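I want to look up a few things here and jot them down as I go.

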Amino acid sequence: MKQLMLGNEAIARGAWEAGVTVSTAYPGTPSTEITEYISHYNEINAEWSVNEKVAFEVAMGASIAGARTIVSMKHVGLNNAMDPFMSISYPGVNGGLVVVVADDPGQHSSQNEQDTRWLGIAAKVPVLEPADSAECLFFVKEAFTLSERFDTPVVVRLTTRVAHSQSIVITGEREVVALKPFDQPHGKYIVAPAYARKRRVVAEERMAKLAAYAESTVLNKVEDGDSSLGIIASGVGYQYAKEVFPDASFFKIGIANPLPRETITTFVKKCKRVIVVEEVESIYEMIIKSWGLSVEGANLLPRVGELSSRIIRERITGTAPALLQAMSENQIPVRPPVMCPGCHHRGPFYVLKKLKLKVSGDIGCYTLAASPPLESMHTSICMGASIGMAFGFEKARGKEYAAQSVAVIGDSTFWHSGLTGLIDIVYNKGYTTVIVLDNSITAMTGHQDNPSTGKVLDGSSVIALDPKKIAEAIGIKRIREVDAYDIVALEKVIKEEVAAPEPSFIVTKRPCILIKGLELPDETYVVDTEKCIGCRKCLAMGCPAISFVDGKARINQLQCTGCGVCVNVCPVGAIVKSQGGAV
Amino acid sequence: MNIVIVAVGGQGALFASRVLGAVALGKGFDVKVSEVHGMSQRGGSVITHVRYGSAIASPIVEEGYGDMVIAMEMLEGLRAVPFLKKGGTMILNEQVIHPMPVITGKMAYPDDIAGKVAAQGITVHRMDALKMACDAGNSKVVNTVLLGAAAACVSGIDRAIWDDTVKTLAPRKYLDVNLQAFDKGYTMVKGNTK
Ligand SMILES: Cc1ncc(C[n+]2csc(CCOP(=O)(O)OP(=O)(O)O)c2C)c(N)n1
């Protein structure tokens, strides 16, 4: 059937059609929807794993045990899974193993622009690059064939614009694939040096065979056009270039590693001028130039941020239409993302700011506390780092510094990679205080369950892990739980715990306000304009429901959730219950 | 046809883009729709793109080539002007949502946005879509009001096809509200252009 599908949905569909029976993932934009769509297929045993490393390990196990398996993550997720990813390369697979990694050029939702093509090259595994949803579906199926034929994991690399764009696909039937026998010669899956040295050679031979395959595969496409301009491109970069140069000759790369040397050489020699259009990194350009061929690329196109047809048009043709502008761009106020009205995270960060603590933060919705007006997170580097880094502060600046700093981490991030950091603090006799912001969901990526929510991917119930019990088992004695909306109690508890000369563990509780079916308080809050002195203190909390009109604060009644966090911030008691909606 | 939908995260730009995409697909066009998921959905500026025609390569509307902008909020409409080609159309919701620099008093919310946009030679259809949505029965269907207004500007597609697509894609519980909201936007623009 012909239908519109998101790239991520097409990946899920392709996996299903390829007979996949196991799927693992940890959420991360722009990859998350792959697993959400996969969870609709009953034939696939799918899970949200605790982190990408575990997701990858479960997937390796499933593949080696004989099942066609898919594992999905965002680009930085592969860093977390790097050890298993690099290590499975030599042993190879059994049932097809496809690793879908979604890169984020332009950093729409990410800390960096790292390019997964590099990592595929480093691991010596094939990397496929679809350019639209139809290719997402087809390439995933092809990836499973390749994986089994060449005994290798196969990476399918997406970028945000491919993962999050809908285009037309024609769906097919599911291939029923039997489990492969689990009886490989002893040692194939043992990486002890004696075995692994042999597999090292096999991995090289495999790359040579793949290079031969790349010369004739349908994944790469030559489109003969006007030979005065040849474009070599892949993924969405191909689409942008096609938009600008519909008549040019194209070499569309579908398999990024290894590149087909012969067919590219023929193409380059046929064209008068060849430009490599690739986002962020000059990988193709570098490889093609290393063959002694003359191509352009980085001399014309930026290496920072995502490409667009306008950038290509401007840089290559030198002419792009003048743009309409109703007001100069720097006069238009920006609209960065903000914590929602009623967000669990507002109160804790308001208090941390008030107490002037150095906050070692982490990644999640709460990272929004780093932006104005709260500006109360001082570091945020990678998932789980908050805990180890706060302990690093203490190591660098002395034990007393533990009274001036805290680690702050979300519930999903705590399970993902906070535990080992916490153990390190206790084991190495630290004093650092750790705050877990437990909003009962993985909010940032669009509400996935995690080990403390009491639910798994298919919606069924499971025992909910309690971070406090883990902390207790690790040996922490000072363990507290506080209502995230109660800023008075928060201030008291945080003050006491940072001062204690031993590690402390605080859990703040309130479900994310966006959780479906959540019961909200009946009453909203309003500003009593008689009492309001226009001091703007409430505005410093960064609640989008509060604005400043005619010298007074005003609470938008459509947006107010009745969390009441602002009530205790007002110095004159001007924020009061609405009593049935009087505005 | 190149359509850009701009909104504040949470306003429901996705639904509007999906209806537009489905209608174009039904008419036999090649279609691409680019959506926003992730960080900016938390109250930030969001942009979705809908393109259809005989063959569509890029999923993104190039600045200066847009036929229509559907702006679910005034400031976002102002920001989206560079997407439009000369003589393009903007469906502009009069709703104002203050962004953080305005809330904290660092910047002023620009005034007379509709006038500024129209001064660029853009055909502006402005409306209080929030009020129209509330009249239809739910403040959340602002997106469908604006979709109706946009539909009235698109030639060559019967009203019935729009209604049918809204019926298939809207949540069952809110079907009537959505159909009413669509009608309000549609009739408003048809009335203006008569
Ligand atoms: C290694 C890695 N995997 C995934 C992500 C994407 N990601 C960012 S934050 C986050 C989880 C946030 O959940 P939580 O810690 O519960 O905080 P919340 O958003 O609910 O406040 C995820 C999955 C990432 N940045 N890095």
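I start with Y186(B), which counts as buried because its relative accessibility is 13%; buried means under 20% relative accessible area, exposed over 50% and partly exposed in between, with a 1.4 Å probe and protein chains only.

Ground rules, before I go on. This is a predicted model, where local features need pLDDT of at least 70, side-chain atom pairs count only at pLDDT 80 or more, and totals for chains, interfaces and linings use all residues. Residues are numbered from 1 along each chain as its sequence is written, chains are lettered from A and ligands numbered from 1 in the order in which they are written, and side-chain values use heavy atoms, with hydrogens and water left out.

Entry: chain B overall. I find 8 helices and 6 strands in chain B (DSSP runs numbered from the N terminus: helices are H or I with at least four residues, strands are E with at least two). Along the sequence I read β-α-β-β-β-α-β-α-α-β-α-α-α-α for chain B. I looked up the radius of gyration too: chain B has 16 Å, which agrees with the value near 16 Å for a compact globule of 194 residues (taken over C-alpha atoms; the rule is 2.2 Å times the number of residues to the power 0.38). Of the 194 residues in chain B, 60% are buried. For contacts in chain B with a separation of 6 or more, 62% come from residues 24 or more positions apart; contact means heavy atoms within 4.5 Å.

Entry: aromatic pairs. How many aromatic pairs are there over all chains? I get 12, where rings of Phe, Tyr and Trp (its six-membered ring) pair if their centres lie within 6.5 Å, and planes under 30 degrees apart count as stacked, over 60 as edge-to-face and the rest as tilted. One of them is F56(A) with F85(A), edge-to-face at 5.9 Å centre to centre and 75° between the planes. That pair links distant parts of the chain, with F56(A) in helix 3 (residues 52-64) and F85(A) in helix 5 (residues 82-88) of chain A, 29 residues apart. F56(A) is buried at 0% relative accessibility, and F85(A) is buried at 0% as well.

Back in chain B, F182(B) and Y186(B) are stacked, at 5.9 Å centre to centre and 20° between the planes. They sit about one helical turn apart because 4 residues separate them in helix 8 (residues 175-193) of chain B. F182(B) is buried, with 0% relative accessibility.
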